[in-house]
Amino acid sequence: MIRRLLAELRQAQVFFAGIDDVEPLHAETGQGAVTTRDVVDLDRDLLGTPAEPGKAREVLVLAGTPADLRRIATLHKLLPRAERVVVAVLDTPASHPAPVPTPTPAHRWRSLTDLRVHQPENRVWVVDARFSSSTPAGRTVTATARAFAGHRLDVIAAPAAAIAGVGAADWRPGDPNATPAEVTGPVPERVGAPGSDVVLRTLAGGPPAEAPGVRPGHGQGDQDGGRAAEEGGGPGTAAWAGDERPIERPALRAVSWERLGRPGMAASPLADPAVLGEPSMVPPVDERLVNPQGFVTTPSRGMASLAERDGRWSVLLDGKAVTSFAESGGVTDADVARLRQIRGVEVDWQRAHSGPLSAVRVLAGLAAAGVPLVSEPAPRWAGALGDELIGLIATSPDLSDDLRREEHSIRLRRAALRTHGVAARWEQLGAPAPAPPLTSVLLATRRAGMVPFALRQVARQRGGRLEVILALHGVPKGHPDVAAATAAFEGPLTVYEADPRAVFGEVLNEAAARASGSFLLKMDDDDWYGPDFLPDLLLAHAYSGAQVVGTVPEFVYLSSIDVTVHRRQATEQITSFVAGGTILAERSAFQAVGGFRPLRRSVDTQFQEALQAAGGQIYRTHGLGYILRRGPAAGHTWQEPIGTFLQRNRQQWRGFRPNALMAMDGSRP
Amino acid sequence: MTRVRHNDYSPLRPPATGTWEPSLRVSVVIPAYNCADVLERTVATLARQTYPSELVEVVVADDGSEPPIQLPGARVVRVAEGWGRGAARQTGQLAATGDVVHWLDSDMLLPDDHLETHMRWHHLIGYAVVIGDVRFVDEPGEEGVQPEYTRKTLESTRRLKDAGASAYLLHTGASTSVRAGLLRAAGGVDASLNMAEDTELGYRLAQAGAVFIPDEQARAWHVGPSTVMVREKEVHRHNWSYLGDLIPALRWLRAHPRRTWLVPYVRVVVTATSYEETRATVDSALAGTLTDAAVVLVGPWGKLTGERRAGLDDPLLDLRLLRHLYAHEPRVEFAESVPASAAPAPFLLSVPTGWTLGADTLAALVRHADGEQLGLVSVALAEGEDGVVAARLERTAAFARAALFEGAADDLVDEMFGSEWVSGSAYGFATADEAEPLSGDPAKWRALAGRRLDEVKELRAEVERLTSEVERLSAGEPSDGAPSERFGGLSSLLRHLRSAG
């Protein structure tokens, strides 16, 4: 494919990332058959920052996978202006739809005269854009990258960052707002403002004398980085031209096993496991693409191992490599897609990948994707994984049991996304933490007796800032059950006595009108919620980018026959439906579609239909944090017949049997 | 007492011989017919046993030997009624006074700890059937051989731990032991059988909840080959002529599409209510593709007396009509109360009157229960003010074993066999007015067509899954290759499959 594209675009300047086998690229140039042309490896070359990007007739951008394209998007300012831009992604998981860039009415898109998005062969996507006049090629790259991530706003909630040094884009994946800088500075000015609020640079190191100054501990922004540079000072420490004090991190090649094993390295700070043992030493996981989406609950293939092959970590199944990770340790969405049918991956710590940091990076990426990892206790050099992940990987759960496997996967992804996600990483590097969003729980009930139970489900949420809007529908707030429960509830609570004649949809809308959160969460008064229910929904919102997130009743307690069923359900995917008692909606999306319809029932389904009709997306996360209570028929004439819940069962238990993530003792609360 | 799941006796840890204190009494029962010489040798090995002699009783059941057997050291009882091995065993076990009955053939050589090896299991649980490791030798002192069938069965089932409901097939009379109480609860030995009486007894012991434990250490030698070893085909031809009637679990003996058999596979219990409702349920139960089902119709039949009555104004009219309707149907049995067990039938299905079974309902339910050896399948039919209306398929063996313990039967069955709820509509249950008319063969073909349609649907989904798997895998290759060509063979095969439907 690469050769075909090169042959087709003989004049083009070539930029690529995520391609370890660079031979075809250079071979073609080296032969000099046509011309010698610029071929830039955005992962490995030390990049200059032209004051004014140059011009080219054609630009060819090659990315291994969509995840790799997002690193190119970070560096888009380095690309020249061109009249034709071809962006090719060579290995796209089948779950991605065509990456159609959406031109905005902005001035620069007006010169677009021709746009073609096509798939010349399986898994390869090519975006071919022509402009009537020379236009920054990076615009096409960022628009394509955005298309791969569901057309979300590309924002990393952190200060504007400048990045410098080889592989620095790893630290700000998919951030077109980043400012690339020379490795010795300074940060180029932006229109009327300094180029960045914070600088991160990677140092290639080399012989010990040139070892970059790095320090253990959470970086304190540029201040800490600066001090580190001074302390690590000596011949070869890279100078920095500018007032900022960059945060400095070793380029991954500087900490390869080969480099660490060289004579004299014993004295380097890099040989100290305490220095490398901090999560903030490793580039973050790009959770927009490497995340639990697509997790398979009943995998068709067996246990695999993560072991060395040709100097790299590969996932080996029955002796064959299912996927091999990039030298940098960056896990891509294509890697993850290939691992989905595998039951679990056992880590072989001997000869781990290309170096300790890149090995940790592989594991952090796999864990964030929910790939079930198990291993012997981790060696000291893997400390950068963080204590929680190290502990989880060594718990040796019974992965042959589908449910135990999924519980383990969920624990891994939570830990990995919270420790190694992009926003988390920048907080560790000293960026100020944004205030967590407020979620308003909409709890409408007609049953005073259920209020204490329902409020307990809210109170046990372990994370996420929340308030409760309790809408009492035909129940006075002075009812002893209600009064006692609301008095006992700690946290912001608004009690609203709805007009008893109002229909359900109206009651919910009235409740929403009293909410002040940026998210609305509709909960039911009689279902069970695990303590991580809300945090998991918020996490899924962050990585999926959908406006509505929820789950399905995978677990149902059938009280009339005292049986808990585990139903076959597809989760961790964009969907058309989530259960009414689990709808987490962006408030802006809720308002955009006009809230709930004034109906007595089906308000959830109607809301979801309206959202999708408006172009919104619904994401369904895992179902292990929610148990639907299906009561006796007498109470609800409209509910589904009990037989429906007894079909498509994966498992069944007598009595009330919450899974481990529900964190209940098994008794009915 | 330990609760053994299915036939997996691995949680039981018997003590090593010589290290424990026995308390149970054992009666060794030996059927004998004209074999005084070998019997003397067998009884002599019993006198040398490590098991305390005060706890051992030897009963020889003489099946009419000439001259009659006289043997010091043994109680000899004579078969008074009938003849043959079944009659002899039954006579012997009725005379036995021990807590455990230990069957032994007359021509056996035993190591000194043979009885002790058996008895240690019976001290652990009350529902064990211990099977000795019998080897066949030509002369005493040889190592001996295990019958091929026995060896293969033990090998493929982790020594019967995975054999589930078919573990009884290794039950023989050469050297097995069982608690006397369990033996009598199962109905003792069928005295009418001269051959295969041990297999048939094993089947009924299984229905009584027995766990079959083949103990490698309970070695015994049988001098001379067994009849099966010498004349296998003739033995099978003989025994299979009647085992089909007696052991419904031997499905392959019941290949005939519609004849009736002595012991049904499923007993369907229906309580008589109105004539029409009851009739709908009973008729549907008798019209399924599983033909060896029988109905137990429960009602106060004793009230139907013969005095003169007003034909149409009889207060018990509906009951009487039901009696008329099924008086000559051999598969309907009238009972005054709901039977406690379907034994020796392996399954009992109770159906609320007024609900009908589809043509394939019984077959599908039993298949489902057998898939995981479930002890109970509850079928949710409807739900009303009073709760859920359900049919129940109960495994006879499971409920018999549960009855040996304190506690709620359903909980015990769930623990030892597993239980599950299913949806009535998914299994073809319907109310009498919704039911399809019964019409013999058409019903059968409809059921078959329905099954095939389901299969087609499943296979289509499988093809789809495999196709996407192939796409995923082939696309997973480095993009420079030409995956579509390399996988050409497979994709054309898939295309072919798809077009073939």
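Which residues of chain A does UniProt place under the feature "domain: Glycosyltransferase 2-like"? The record, an unreviewed entry, puts this feature at residues 447-603 of chain A. The model described here is predicted. In it, the span 447-603 of chain A is 30% helix and 27% strand. Its end C-alpha atoms lie 19 Å apart. The UniProt annotation "domain: Glycosyltransferase 2-like", again from an unreviewed entry, also covers residues 27-148 of chain B. Over that stretch chain B is 27% helix and 28% strand. The end C-alpha atoms of residues 27-148 of chain B are 30 Å apart.

Chain A holds an open sheet of eight strands. Their order is E18-E17-E16-E19-E25-E21-E26-E24, and the pairing is mixed. Strand E18 (493-498) and strand E24 (573-575) of chain A stand at the edges. Each has a single partner strand, so one side of each is left without a neighbour in the sheet. From one strand to the next, the twist averages 25°. Within this sheet, strand E16 (residues 438-445) and strand E17 (residues 465-473) of chain A pair in the parallel sense. Eight bridges join E16 and E17 of chain A. Ala444(A) stands opposite Ala471(A) in E17(A).

Another open sheet in chain A has five strands. The order is E20-E27-E22-E23-E28, with mixed pairing. Strand E20 (528-529) and strand E28 (649-654) of chain A form the edges. Because each has a single partner strand, one side of each is left without a neighbour in the sheet. Strand E22 (residues 555-558) and strand E27 (residues 626-630) of chain A pair in the parallel sense over four bridges. Phe555(A) has Ile627(A) in E27(A) as its bridge partner.

Helix pairs were examined next. In chain A, the axes of helix H13 (residues 451-459) and helix H14 (residues 480-488) come within 8 Å and cross at roughly 20°. That angle makes H13(A) roughly parallel to H14(A). The crossing of H13(A) past H14(A) is right-handed. On the H13(A) side, the contact involves Val451(A), Pro452(A) and Leu455(A). These meet Asp481(A), Val482(A), Ala484(A) and Ala485(A) in H14(A). The residues of this contact divide into six nonpolar, no polar and one charged.

Helix H9 (residues 356-368) and helix H11 (residues 402-420) of chain A pack at an angle of about 125°. Their axes are 7 Å apart. H9(A) and H11(A) are therefore oblique to each other. H9(A) passes H11(A) in a left-handed crossing. H9(A) contributes Ala364(A), Ala367(A) and Ala368(A) to the contact. Their counterparts in H11(A) are Leu412(A), Arg413(A), Ala415(A), Ala416(A), Leu417(A) and His420(A). Seven residues of this contact are nonpolar, one is polar and one is charged.

In chain B, helix H8 (residues 275-286) packs with helix H9 (residues 317-326) at an angle of about 30°. The axes of H8(B) and H9(B) are 9 Å apart. H8(B) is thus roughly parallel to H9(B). Their crossing is right-handed. Tyr275(B), Thr278(B), Arg279(B) and Val282(B) in H8(B) meet Asp318(B), Leu321(B), Leu322(B), Leu325(B) and Tyr326(B) in H9(B). Six of the contact residues are nonpolar, one is polar and two are charged.

The two chains also touch. In this interface, 24 residues of chain B are in contact with 21 residues of chain A. On the chain B side, the elements that give two or more residues are strand E14 (376-384), strand E15 (387-395), strand E16 (419-423), helix H13 (441-475) and helix H14 (483-486). E16(B) supplies the largest share of this side, five residues. The side of chain B that touches chain A divides into seven nonpolar, ten polar and seven charged residues.

Terms used: Residues are numbered from 1 along each chain as its sequence is written. Chains are lettered from A and ligands numbered from 1 in the order in which they are written. This is a predicted model: local features need pLDDT of at least 70, side-chain atom pairs count only at pLDDT 80 or more; totals for chains, interfaces and linings use all residues. UniProt positions are given in the numbering used here, feature names are shortened, and annotations may be inferred rather than shown by experiment. Axes are lines fitted to C-alpha atoms, for helices over the stretch in contact, and angles run from 0 to 180 degrees between N-to-C directions. Angles under 35 degrees count as roughly parallel, over 145 as roughly antiparallel, 65 to 115 as roughly perpendicular and the rest as oblique. A crossing is left-handed if the near helix is turned anticlockwise from the far one by less than a right angle, and right-handed if clockwise. Two residues are in contact if their C-beta atoms, placed from the backbone, lie within 7 Å. Ala, Val, Leu, Ile, Met, Phe, Trp, Tyr, Cys and Pro count as nonpolar, Asp, Glu, Lys and Arg as charged, and the others, Gly among them, as polar. Two strands pair if DSSP finds at least two bridges between them.
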